[in-house]
Amino acid sequence: ALPISQSWGIYVGTGGGYPAYQRGYDDEDSLARFICSGQRAHMLEDRLRHEVAEDEIDDDDADRIHAAIDRLEDRQRHECREGDRRAIGDIVYRYDRIARWIEGEAHRGW
């Protein structure tokens with residue numbers, strides 16, 4: 001399956017974000033590097049802002065979703081510093097759940 005960034009047509013550049021969190025990962029662990037760069041969290045925040053701007057998600061739901069992203073981003077920073085690949089895998093799963101939450105809220109009225 002394509003990463004969610006590709007399905008939305010968003011370009012995800014390299015570097016930036018949180019380069020200190022990338023230490024300890026080899027070239028084959030691109031998903032961990034992608035998550036630890038902070039790009040996935042930023043993509044979800046951008047998607048949430050878009051849905052709010054389009055009046056697809058109300059402010060109260062958006063606040064709850066944003067708080068969930070922030071909590072997970074804090075955990076992401078910790079786990080990436082620790083280099084815990086299993087925990088990073090769980091973070092990937094949780095980011096996917098938040099993406100589905102955003103999608104579900106945005107299309108609830110359809």
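The dialogue below moves from the overall fold to a helix, a loop and a helix pair.

Me: How many helices and strands are there in the protein?

Reply: This is a predicted model. The protein has 5 helices and 0 strands, and its pattern along the sequence reads α-α-α-α-α. Of its 110 residues, 37% count as buried. Among contacts between residues at least 6 apart in sequence, 64% join residues at least 24 apart.

Me: What does helix H3 span from its first C-alpha to its last, and what is expected at 1.5 Å a residue?

Reply: Helix H3 covers residues 39-53, which is 15 residues, and reaches 21 Å, close to the expected 21 Å. Its buried residues are Gln39, Arg40, Ala41, Met43, Leu44, Glu45, Arg47, Leu48 and Glu51.

Me: Which residue with a positive phi follows H3?

Reply: That residue is Asp55, which belongs to the loop between H3 and H4. The phi of Asp55 is about 60 degrees, although Asp55 is not a glycine.

Me: Is Asp55 buried or exposed?

Reply: The relative accessibility of Asp55 is 70%, so Asp55 counts as exposed, the cut-off being over 50%.

Me: Where does Ile57 lie, and is Ile57 buried or exposed?

Reply: Ile57 also sits in the loop between H3 and H4. With a relative accessibility of 4%, Ile57 counts as buried. Beyond its neighbours within four places in sequence, Ile57 is in contact with Leu48, Glu51, Val52, Ala62, Ile65, Ile102, Glu105 and Ala106.

Me: By what quantities are two packed helices described?

Reply: The description uses the angle between their axes and the distance between the axes. In this structure, helix H4 (residues 59-82) and helix H5 (residues 85-106) pack at about 165 degrees, with axes 10 Å apart. H4 and H5 are therefore roughly antiparallel, since that class takes angles over 145 degrees. The crossing of H4 past H5 is left-handed.

Me: Which residues of H4 and H5 meet, and how do they divide into nonpolar, polar and charged?

Reply: H4 contributes Asp61, Arg64, Ile65, Ala68, Ile69, Leu72, Glu73, Arg75, Gln76, Glu79 and Cys80. From H5 come Ala87, Ile88, Asp90, Ile91, Arg94, Tyr95, Ile98, Trp101, Ile102 and Glu105. The residues of this contact comprise 12 nonpolar, 1 polar and 8 charged.

How values were computed:
Residues are numbered from 1 along each chain as its sequence is written. This is a predicted model: local features need pLDDT of at least 70, side-chain atom pairs count only at pLDDT 80 or more; totals for chains, interfaces and linings use all residues. Side-chain values use heavy atoms; hydrogens and water are left out. Axes are lines fitted to C-alpha atoms, for helices over the stretch in contact, and angles run from 0 to 180 degrees between N-to-C directions. Helices (H or I, at least four residues) and strands (E, at least two) are DSSP runs, numbered from the N terminus. Angles under 35 degrees count as roughly parallel, over 145 as roughly antiparallel, 65 to 115 as roughly perpendicular and the rest as oblique. A crossing is left-handed if the near helix is turned anticlockwise from the far one by less than a right angle, and right-handed if clockwise. Contact means heavy atoms within 4.5 Å. Ala, Val, Leu, Ile, Met, Phe, Trp, Tyr, Cys and Pro count as nonpolar, Asp, Glu, Lys and Arg as charged, and the others, Gly among them, as polar. The expected span of a helix is 1.5 Å times one less than its number of residues. Buried means under 20% relative accessible area, exposed over 50%, partly exposed in between (1.4 Å probe, protein chains only).
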